[in-house]
Structure formats: C-alpha cells, structure tokens
Amino acid sequence: MVQDSVQPVLEIWGGHSLQGDVTISGAKNSALVLMAGSLLCPEDCRLRNVPELADIKKMSQILTALGVKLIKNGNTLDIDARDINPTQAPYDLVSQLRASFFAIGALLARFGNVRIPLPGGCAIGARPVDLHVRGLQAMGAQVLIESGIVHAHVTGRDRRLQGANIYLDYPSVGATETLLMAATLANGETIIENAAQEPEIVDLANFCIAMGAKITGAGTNKIIISGVERLHSVDYQVIPDRIEAGTFLVAGAITQSEITVSSVIPEHLVPVIAKLKAIGCQVVQEDSDCLRLIPGELKATDIETLPYPGFPTDMQAQFMALLSVSDGYSVISETVFENRLRHVAELQRMGADIRIKGHHAMINGVAFLSGAPVMATDLRASAALVLAGLAAQGKTIVSGLHHLDRGYENIESKLVKLGAKIQRV
Ligand code: UD1
C-alpha cells in the first residue's frame with residue numbers, strides 16, 4: 001500500500017477546552033437526494049446551501065455522466081437536466097455512493113427507462129435495495145438485475161409509472177425517497193405506508209412541491225403523492241445538517257466546553273438533545289435557529305438507534321466516544337445497521353473500556369482517554385475519533401480522512417475557530 005504513506009492524517013492535541021459559535025452547513029443527506037430529485041425537472045434548478053463535500057463532488061460527477069449541466073458557485077448549485085441520458089450512470093462512481101442509486105426513481109419516472117449499477121457493499125452493513133425495487137415494481141416497472149446492473153423500464157404507450165399502494169417492510173430512508181420521487185410523475189395516486197419520517201424526507205417533499213408536485217404527509221409514516229405530468233423550475237435552500245450540529249454539540253460535551261451551534265432546526269435534534277441532557281449537559285435554545293451546549297458532569301445512559309424520530313444511527317459513534325468518558329455503565333444498541341460498531345476497536349486503543357455483544361456495546365466510562373494513532377472506518381466513526389481525540393490526553397493521529405471528508409464541511413477550520421489544536425498533515 002505505497003499510497004497510504006502519502007494519505008493525509010489529522011493530528012489532534014487533546015485536553016483543551018473549546019469555546020464559541022459554529023455555523024452548521026447544509027445537510028449532506030438532503031443535498032444528495034435533492035440533486036437526484038433535480039433529475040425530475042426538465043427546467044433550471046437552483047439548490048442553495050449545498051455543502052462542499054467529497055460525496056457532493058461524486059454525485060456531481062454522476063449527474064455530469066448522465067449529461068446534466070452543473071454550475072457551482074460557492075454553496076449554490078445550478079442544475080440543468082434538460083437533455084440527459086438515463087442509462088449512463090457509471091459503475092465506478094455509483095458503487096462508491098449509495099445515495100446516487102436513489103436517482104433510479106426520478107429517472108424511471110421521467111423517462112420510463114433507466115439503467116443504473118447497484119450501489120456497492122458498504123462498511124456499515126449489507127444495505128440491500130430490495131425495498132426500492134419492490135416499490136418500483138408495484139408501480140408497474142419491469143426490473144431486471146443483471147451483472148450488478150439494474151435495468152428498469154415501464155411499458156405502455158405513455159411509459160408512465162402507475163400510482164400504487166406501497167407498504168414498506170421497514171421505514172427505509174432511501175426507499176421512501178426513491179418511491180416519493182418516482183410517484184411525483186406517476187399516473188394517479190401513490191400511498192407510501194410505513195414511510196421513513198426523517199427531516200430529509202420532508203426536505204425532499206418540499207423541494208418536489210416547490211417544483212409543482214402534489215404531496216401530503218411527508219414527515220409522517222403515510223405519504224400521499226398525486227402524480228402530475230411535469231415539474232417545473234425551482235430555487236430551493238437545503239436544510240441544515242442535523243448530524244453535523246449534533247457532532248459539534250457532542251464536541252462541547254466531551255471537552256466540557258460551551259459551544260453554540262447556529263443555523264440549525266432545533267426540532268430535528270430532539271432525540272440528540274434528550275440524550276445530551278440525560279448524560280448531564282444542558283442544551284439551551286438561544287434563538288429559533290441556535291442551540292447552546294452547557295457542559296455538566298458526564299454520566300452514563302443507554303441509547304438505542306432507531307428510525308426518526310428515534311435516536312439517529314448517524315450519531316451513534318459520536319455518543320460512543322462521549323459515553324466512553326461518562327461515569328458509569330452505558331449500553332448502546334445499534335438496531336439500524338448490522339455492522340456499525342467498528343469504531344469500538346479504535347476507541348479501545350485510546351483507553352475506552354467497551355465490550356461488544358451482538359449489536360450491543362457495553363461501555364464502562366473511564367476517567368480519561370489517551371491519544372493514539374487511530375484509523376477511521378466509516379464517516380461517522382471518523383467523527384467519533386476526532387471527538388475522542390479532542391478530549392484525550394496527548395496527541396491523537398486520525399487516518400482514513402477520506403471518510404471524514406465525505407460528510408463534514410471544513411471541519412478543521414470550524415474546530416480551530418473554537419480553539420481546538422488540530423491540523424491536517
Ligand atoms: C440513509 C442515510 C444514512 C443513514 C440511514 C439511516 C442518506 C444518503 N443516507 O441511508 O446516512 O444512516 O439513512 O438513517 O440519506 N434496507 C433494506 N432494504 C432496502 C433499503 C434498506 O433492507 O431496500 C435496510 C438497510 O440495510 C438498513 C436499514 O434498512 O439496515 C436502514 O437503511 P435506510 O434507511 O435505507 O438507509 P439509507 O437510505 O441507505
């Protein structure tokens with residue numbers, strides 16, 4: 001692995017308290033799916049508050065390969081998907097970015113025909129797409145999966161999907177998004193039952209509504225979509241990233257520092273705030289879009305990850321780092337993904353006392369963590385290691401930064417502004 005020697009790492013000198021205000025970026029998971037949603041639109045689309053992230057670059061490359069014209073100006077992205085080819089999604093990129101597969105719904109709805117590679121395996125679990133495929137079949141799509149490629153088409157004179165009643169066996173975020181997009185241009189009414197209720201679903205629905213789609217119930221477990229013939233131009237602002245906001249609140253808790261996060265939607269952070277309070281911190285709403293973390297003596301609590309409005313799996317690793325230094329025994333149960341505890345081994349290297357049994361992690365809080373060289377195993381695990389490094393005694397070196405760069409815009413400069421001793425070398 002000659003290349004590894006030139007990969008950047010983050011050096012963190014821990015044990016310093018932080019202070020100040022962080023402006024939270026646009027939500028990665030929303031921006032990605034809105035970019036997929038823009039494929040529904042045969043006119044100009046403008047997205048604002050799009051974060052600068054590796055995943056967004058990858059999604060841009062995939063859209064470009066389909067023939068989309070993109071112009072990026074800071075955090076504003078202009079998208080022109082007038083003349084595109086729905087069969088040109090490149091395997092090497094789609095396999096690296098699961099969210100890009102969600103474009104299948106938009107492409108099929110608009111063109112009646114799509115060819116898209118299956119998303120690749122993923123470090124945090126098998127992550128199949130059966131719910132996406134079954135939902136599209138219920139809407140009349142013919143789907144053939146061959147050599148890792150999904151070919152779907154709609155027969156009939158107008159090649160339009162048909163509205164359908166779809167019950168999801170599990171409230172999958174991606175499947176709800178795929179089917180919601182597909183249904184916007186379908187013939188008749190689609191009802192998605194046991195739908196995911198994440199804020200990113202509501203954002204997608206609002207984006208589609210702004211383009212002329214007819215959708216009610218987004219944010220509940222029953223979404224009703226009346227198909228329209230065509231969508232129109234839109235100028236839309238992506239919601240703030242609740243996971244980035246949650247990560248910075250945990251940074252305050254773990255370093256015993258007062259930190260304010262602004263440009264947030266506090267309602268989206270309810271399960272995270274509840275757990276921070278259970279652990280002994282206060283979270284005060286300062287303004288309609290601003291939360292202040294006031295640290296307290298850290299004590300153990302139990303956490304189970306669940307679909308929204310339950311505790312987000314995307315905050316599990318960060319809370320694992322926090323509970324590692326919280327007094328007493330905590331249990332974290334990961335119920336959403338089957339292989340999302342790989343950061344435990346790295347936290348153990350820093351002195352955390354954690355045992356794993358199945359999908360449960362038993363954490364015995366220690367007085368302090370010690371800096372060590374650690375390797376990020378996935379996006380949120382990398383955030384957990386940065387948080388642990390900020391709190392640890394001595395120097396932590398985090399490698400595997402390509403994971404971190406997928407989902408955190410300017411994380412070092414935001415942390416440095418708060419007073420962290422951190423640098424990329
Ligand atoms: C999205 C988020 C991800 C987050 C996750 C859960 C994006 C780009 N990613 O991922 O950050 O961690 O929601 O909040 O928005 N499943 C199936 N069959 C399917 C689809 C999913 O069995 O067809 C399973 C998955 O394997 C997983 C569970 O359902 O165990 C949840 O997955 P899902 O909600 O679909 O997550 P994603 O949309 O992939």
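The following legends describe close-up views of a predicted model. Residues are numbered from 1 along each chain as its sequence is written, and side-chain values rest on heavy atoms, with hydrogens and water left out. In this predicted model, local features need pLDDT of at least 70 and side-chain atom pairs count only at pLDDT 80 or more, whereas totals for chains, interfaces and linings use all residues.

**View 1. The shell around the ligand.** The ligand is surrounded by 19 residues, each having a heavy atom within 4 Å of it. The closest are Arg-98, Asp-130, Ser-172, Asp-314 and Val-336. By class, the shell holds nine nonpolar, five polar and five charged residues (Ala, Val, Leu, Ile, Met, Phe, Trp, Tyr, Cys and Pro count as nonpolar, Asp, Glu, Lys and Arg as charged, and the others, Gly among them, as polar).

View 2. At least two shell residues come from each of helix H4 (98-101), helix H6 (130-138) and helix H7 (173-184). H6 gives the most, with three residues. Helices are DSSP runs (H or I) of at least four residues, numbered from the N terminus.

**View 3. Oxygen atoms of the ligand.** A polar side-chain atom of Ser-172 lies 2.6 Å from a ligand oxygen atom. A backbone N or O atom of Val-173 is 2.8 Å from an oxygen atom of the ligand, and a polar backbone atom of Val-336 is 2.6 Å from a ligand oxygen atom. Of the 740 Å² of accessible area that the ligand has on its own, the protein covers 88% (Shrake-Rupley method, 1.4 Å probe).

**View 4. Gln-348 in helix H12.** Gln-348 lies in helix H12, residues 343-349. A polar atom of the Gln-348 side chain is 2.7 Å from the backbone oxygen of Ile-354.

Key:
Polar contact = N/O pair within 3.5 Å; in protein donor to acceptor, adjacent residues only side chain to side chain.
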